[in-house]
Amino acid sequence: MEFTCLSKGRGSHFPPCHILNLGGIKILLDCPLDLSALTPFSPVTTAFYALPSLEEDKVDANNDVGSMAVPAKRQKIENQPDNKTLIFAEPWYKTVMNLHLWNPSFIDVVLISSPMGILGLPFLTQMKGFSAKIYATEVSARLGELVMRDLVSMHKELKQFYGPTETDFPVWLRQEEVEKIPSVLREIILGKDGTELGGLRPLYSEADVNDCVLKIQKLKYAEEVCYNGILVIKAFSSGVEMGSCNWILDSPKGDVGYLSNSSFISSQVAAFDYQSLQGTDTLIYSDFSSLNSTEDVKDEENESVQLADKLPMSSHGLVGLYHNAKEDSEEMEKLAFICSCAIESIKGGGSVFIPINQFGIFLQLLEEVSKAIDASAMKVPIYIISSVAEDLLAYLNIVPEWLSRQRQERLFDGEPLFDHVKLLDDKKIHVLPNIHSEKFWMHSREPCIVFCSHWSLRLGPVVHLLQRWHKDPKSLLILEGGVNPPQLALLPFKPMAMKVLQCHFQPGIGLRRVRSLLETLQPKTLLFPEEFRPHISFPSEKFRSVLYYSEGKTSKVSCKDGFELKIPATPASNFYWNAFKEQEINLARVNGELIIENARYHLLLDNTEKNSNGRTNSVSFRKPELEKLLATFSNFGINASVEHQKMNSESQIQCLIHTADPYKAVIEIGTSSVVITTAGENVASHLYKALDSVLKGN
Amino acid sequence: MAIETLVLGAGQEVGKSCVVVNINGKRIMFDCGMHMGVSDHRRYPNFSLISPTGDFDTALSCIIITHLYCINTLFLRFHYFLIIKISHSLILYSYIFFFGIICDSHLDHLGALVYFTEVCGFHGPIYMTYPTKALAPLMLEDYRKVLVERRGEEEQFNSDHIAECMKKVIAVDLRQTIQVDKDLQIRAYYAGHVLGAAMFHAKVGDSEMVYTGDYNMTPDRHLGAAQIDRLRLDLLITESTYGTTIRDSKYAREREFLDAVHKCVSAGGKVLIPTFGLGRAQELCILMDDYWERMNLKVPIYFSAGLTKQANVYYKMLINWTSQKIKDSYPTNNAFDFKNVCKYERSVLDTPGPCVLFASPGMISGGLSLEVFKRWAPFENTLVALPGYCLPGTVGHVLMSKPPKIELDPNTKIDVRCQVHQLAFSPHTDSKGIMDLIKFLSPKHVILVHGEKPKMVSLKEKIHSEMGIPCYHPANNETVSVPSTVYVKAQASDAFMERCLKPNFKLHKCSSQELSIKTLTDKNIVPELQVINEKAVFIVEDKSKKLKVVHNDEVLVMLGEKKTED
């Protein structure tokens, strides 16, 4: 088994990407797109107005970055990035660079672990020779499809703005132009040493998306699918996003678990099913989220011990003790804080803009914000502006099987799964496909709350909204997640007067729990990211084999030796055993067919055709002595005559024995084999017994 | 090793489905139904056969419920009533109570109650699909209300009891592989028939079996056809309700129904469709909504408040369990957002002019449907469309014979001048469907349940003669034991695998003597040169009884090497 980490990803929007070679089958794990690399490009509005204002420093002072924001360090560099240094061209999208080093036609299987892991897939499916089988959960596939459609439709605006390009190679990618880009921005798009240039691609079309979606085989959680008979694939809930999953791959050479970004806190989606990952031969740990978080690791030791003791092992208590009420309430506190900020801003006469990032957070925010508005007895319209919002909201209400127990209770109580259904009916939420709606601009003078795409602040309705409101100090922009410092993201909208609140929802296992989780899972071999080595140590008595992997390197993992076969027991008990006492073994010769089914080899014995051509075979390590044989034959009442042959290298037959009475048969005695050819099985077995007695009887 | 099937219900009869299967020591109860035609203890399965001591927790690994009963089927089957009773003794009332309504008698079921509470006490897992779990309490609640209203009985159990009981049920998704315990693994497959109906696959060790429950191999208006993987089964237990009939197209009957309704409303009449809330009501409503759209009819359609309307809320959320067509039209057009269905209010009953009303319960056994019937039946331009079977003792049953008068009780007589249309489609599979399923799965053994004995016998003959699969049709309380597959494990050598993965063709030259022998036995002319794919392998058993599979060449090496050691 070989494992290659192509990319360790960047946060929840850009999950890690790996290639696994399992007994000759090449499996691609996720195919994401780094949308945070859109930051150096200019949104359509800035390009249009091409603002000349240069009052940056004043604006920065006004910039009220919320208390939860991580203040970005001002980069002192020669070329200060401002809104004129952005790239004024149709953006290209950053795929996983290392993936392009692989021939797409050699990939056999693609596994998609989350809706975000699908975004780069159309690039792959449109490649010549690509014929891999793609598996994703139903919900991942559907949500991923919606995100891709939204992306394509938002990109259309930029495409229309810049018009058709003359060459396939854009001007901004030329060496001299690239050098003009401030190094902070250049690093985002081209990597530290500029090598990631090769991963840039112009966006796919809607037709590519359709084509890609058609190729996906959709799965349920814990559904078993078999690839080519040799690989059984199962997806289990990872508790992060709707439809996101971890994988178990079962092959004749052992099973492999893939632990993607997972979370024990899942108030919305089905709980993290870690029990199903227990006891695999190999476990690939690929949850990098904890690295980004600023978690305190100091008192980890004590806590992990406690947790390990408490771990529930029963199959039904899935939520288990891992579910930490503290972290749960932490998340609720964050949400409550955001809500209170939003309400304050509304009360002050400003509007609130919330770019949609993670669906789970979006839905929770939507519910919390609408509750808060109700509580404050204000009448504030909520808008959701996205080309796929209608489909998305409708879809989220028909997936009860993928949600948390609390949400499922709503199904059993006959209530809609999410509050938005009722809010839509009550006309408290307005869903608009785009910004150019009369309905929106008519009412937008009053304070309102707008959820819209895209969180990169380079695409979609949000750029128009920011263009219109960025000078309004009463309004509030709530940025959720995002990897680049907000100053860079907000670059095109400077000078900014509106308030900005940045918050982080980084669902992940968390450094504190990683070890106790892995102790519970007890894999025989653990593949662990090199980056974590300083943070977590594994005691050798509990972890027999830990291999550290790093980006761009291939690790080899040894597999089980030998193959295991399954033989149906009923005929197996009727083997004609030939005992070799000296060697203390029994031997039986059988005819059969080797088939592979559900990742197991089966030896199907064919009983019907056995010896139909009158040939019986057995094994002995000595040659029969002719005289003894003839004597025995006559004892058995068989008349036989010998026809000697010259040593024939081709047939290796030494002599032939013909028997005429009572049955007709030919016995060929060769240097290493004896073949009896007769008309019937009975005759053959009769002769065989005679021969056998000679061979054994010394 | 063997799979033992103990049939507790639906053996050579229709109704009361209950089969207990013992696969390699794991006992699973599939369905837990009761018979409606009998009033004594025979109406429920003889649970003492599972465990004479009544210790069901150790006797059964789990209970699997394949679907909600479908009220439109030939006989009524109340799978979940027993489950409720089994997990929670208080809920028992519902079962007794309900029996009271349908058969219009027997309120003295105290004896049965004692029987059940004593027998029960199963705390193990109960599995059913999401829709079944969602809809079961809804229907229970409806019956409870009808009962209280109609009989004026004291409320003997409340909604909390139902809710509490349903919490103990584990909901499963289709194709999800559930590990019940270390050895037992179950999986649900789509079965059509009614929303949430499933066929269940159970596997213990190497033994595998499928229990179908009721299924439908042809898609209907709102549900898809049954779907299952090709499996290596030791046993298939299938229903055989329509074991001998081959159903004609139901489009003709749908047309007939629509024509009758259209004729009635265009003449200004009212249409009453007494129906239970699930399955049939939605199917008919999709049918009519579609027809209304096409014919541009403006006549209002009403859904009586309560069950049916609420059921639509569930249907909307469970859209993934309906047919592909409905799924595809989502979300732009949710088939359960009926455009022509108006909000029901009591006043519509007396509003003049045509309308269509879906009212529960079916069979006009009480509640709103009876009330409306009383009002509308005396008018000639009214149409009563009865979708499905009506049990003896209900107004619906009497109505089918089209009497001029119906006597509800000594004081109430209703003049019946209305027209009556009976719809007969049943979501069970027909004989072709059963045969198709068996052919597709080609199990090693088949057991037929849920059918009438003569039909079962003829189906059994057919299966045996056409497919050569041994088939059984045990009566109630009989046990059938079939052998199950067990595999032995063996290690294969690398050389063996290598040889096997490459074809190993050899040219074999028949000597003249061989030829002469062969031509003696078979008259076919044997060519002198033959191509043989060498498939022979050796199985080696060593001291520790471990098996190893090796290739021809290795055997000699193995023996030779050992010899030199000696």
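**A look at the open sheet**

A: Let's start with some background on the other chain: chain A has 21 helices and 33 strands. Keep in mind that this is a predicted model. Of the 698 residues in chain A, 57% count as buried, and chain A exposes about 29,400 Å², with carbon and sulfur atoms supplying 50% of that.

Now over to chain B and the part you asked about. Six strands make up an open sheet here, in the order β14-β13-β15-β12-β16-β19 (chain B), and their pairing is parallel. At the edges sit β14 (341-342) and β19 (419-423) of chain B, each of which pairs on one side only.

Let's zoom in on the β19(B) end. Strand β16 (residues 383-387) of chain B runs parallel to β19(B), and five bridges join the two.

Helix α11 (residues 367-376) of chain B lies across β12 (270-274), β15 (355-359) and β16 of chain B. Relative to β12(B), helix α11 of chain B runs at about 150°.

One more stop in chain B is a loop. S240(B) is found between β11 (235-239) and α7 (251-266) of chain B. S240(B) counts as buried because its relative accessibility is 1%. A polar atom of the S240(B) side chain lies 3.0 Å from the backbone oxygen of V449(B). Leaving aside neighbours within four places in sequence, S240(B) is in contact with several residues, including I434(B), L448(B), H450(B) and M456(B).

Note on methods:
Residues numbered from 1 in each chain as written. Chains lettered and ligands numbered in written order. Predicted model: local features only at pLDDT ≥ 70, side-chain atom pairs only at ≥ 80, totals over all residues. Heavy atoms only, no water. Pairing = 2+ DSSP bridges. Helix = DSSP H or I, 4+ residues; strand = E, 2+ residues; numbered from the N terminus. Contact = heavy atoms within 4.5 Å. Axes fitted to C-alpha atoms, helices over the stretch in contact; angles between N-to-C directions. Buried < 20%, exposed > 50% of the residue type's maximum accessible area, 1.4 Å probe, protein only. Areas by Shrake-Rupley, 256 points an atom, 1.4 Å probe, with all protein chains shown as cover. Polar contact = N/O pair within 3.5 Å; in protein donor to acceptor, adjacent residues only side chain to side chain.
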